[in-house]
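Dear colleague,

Please find below the structure I am handing over to you, together with its sequence.

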Amino acid sequence: MKSFSLCHRRVAFAAMAASLMSLMTCCGAIAQTPSTIGNVERLDDSLDQYIAKGTKIEVLAAGFTWTEGPVWVPAKEDGGEGSLLFSDIPRNSIFRWSENKGIELFLQPSGYTGNTYYGLEPGSNGLMLDAKGRLVMCEHGDRRVSVLTTDGGKRTIVDNYQGKRLNSPNDLVFDQDGNLYFTDPPYGLPERAEDKRRELDFCGVYRVTKTGDMTLLTDSIARPNGIGLSPDEQTLYVAQSDPQEPIWMAFPLKSDGTLGQRRVLGNASEAMKEFPGLPDGMAIHSDGTLFASGPGGIYVMTPEGKLLGRIITGGRTSNCTFDSDEKWLYMTADDKLCRIRISN
């Protein structure tokens, strides 16, 4: 998920973070792990402009359960350091990583506030900053997209479609006008697609305008997951984590906010024979290049679908995001938080 459009704005997030400092206690069970894993597979020389030869994948921390939804929080204008927020879905928690402080617990509960057991993945998934710098969350257990306000309280952005509760919002992205796009597969429901609590019989991709109007963009994707926008906001990218059709898709965005005919960028069927995982979250570089998670790592491809190479972690890799200056790509990979240096 990409947030570079917010990099030069004053973020209200800073005030919000200060009000939640009491929650930010270091979790001793999570090791700070300065090590490297995997390798970079080069399929085209143009990958060199993004990742220099010999660059290693750094492991920043490990010992989580299942990491997801990373978002970079830019440094405060008064000189504070930037930080990364990411979800640990089974732990119903959001963690914060920074260069100086390492890992801290940021928010718990993050996606389920009920008082009964709610499956193995109750927490928040995708995270994003809105135009005001507030943290916006896809919540599995509470089945909604919410925003954490500057005074620390949550507000629901959307939790239903035509009166029926959402499945479990997964990933999200904002455009420059403040319109929200998100995916809604069933992975956060305790019994997933067969859960008796499910109210919608499809998995949707939605658009919510800044005024709150909600539109179903498509219900034709079996398992929509990661989502992203091209820099010119003319194309919406969606990853499908369906083992029967594990693909990355591009949809033209029409002027009225609806989608045109889909175009398949890539298919991960063969890669699934080599590594675990499926197409999942993504980050879009400012030049339009896609960094999309898939079996075993991050797949770097052009907007036309040409695969330039892979950042191979070797395991299930859920998502990624850039920092403000696109100098680092941060990756959530199974129980780890990783990063790799990006050339610029």
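Val 300 stands opposite Gly 309, a residue of strand 25. Please bear in mind throughout that the model is predicted.

Is strand 25 largely enclosed or open? Five of its six residues are buried, so strand 25 is largely enclosed by the rest of the structure.

**Ser 318**

Which polar partners does the side chain of Ser 318 have? A polar atom of this side chain lies 2.7 Å from the backbone oxygen of Thr 67. The side chain of Ser 318 also makes a polar contact with the side chain of Thr 332, likewise listed at 2.7 Å. Leaving aside residues up to four places away in sequence, Ser 318 touches Trp 66, Thr 67, Glu 68, Asp 280, Gly 281, Ser 293 and Thr 332.

**Tyr 181**

Tyr 181 is part of strand 15 (residues 180-184). With a relative accessibility of 3%, Tyr 181 falls under the 20% cut-off and therefore counts as buried. Its side chain makes polar contacts with the side chain of Asp 175 at 3.5 Å and with the side chain of Arg 207 at 3.2 Å. Beyond four places in sequence, the residues that Tyr 181 touches include Leu 172, Val 173, Tyr 206, Leu 217, Ile 227, Leu 229, Leu 236 and Leu 253. One of these, Leu 236, is 55 residues away along the chain, while the C-alpha atoms of Tyr 181 and Leu 236 are separated by 8.9 Å.

**Backbone geometry in the loops**

Most residues other than glycine have a negative phi, and most peptide bonds are trans.

- Arg 143 is not a glycine, yet has a positive phi of about 55°. Arg 143 sits in the loop between strand 9 (135-139) and strand 10 (144-148), and its relative accessibility of 2% means that it counts as buried.
- Glu 326 likewise has a positive phi of about 55° without being a glycine. Glu 326 lies in the loop that runs between strand 26 (319-322) and strand 27 (328-333). Its relative accessible area is 9%, so Glu 326 is buried.
- The peptide bond from Gln 108 to Pro 109 is cis, with omega near 0°. Pro 109 belongs to the loop between strand 7 (102-107) and strand 8 (124-129).

With kind regards

Terms used: Residues numbered from 1 in each chain as written. Predicted model: local features only at pLDDT ≥ 70, side-chain atom pairs only at ≥ 80, totals over all residues. Heavy atoms only, no water. Helix = DSSP H or I, 4+ residues; strand = E, 2+ residues; numbered from the N terminus. Buried < 20%, exposed > 50% of the residue type's maximum accessible area, 1.4 Å probe, protein only. Polar contact = N/O pair within 3.5 Å; in protein donor to acceptor, adjacent residues only side chain to side chain. Contact = heavy atoms within 4.5 Å. Pairing = 2+ DSSP bridges.
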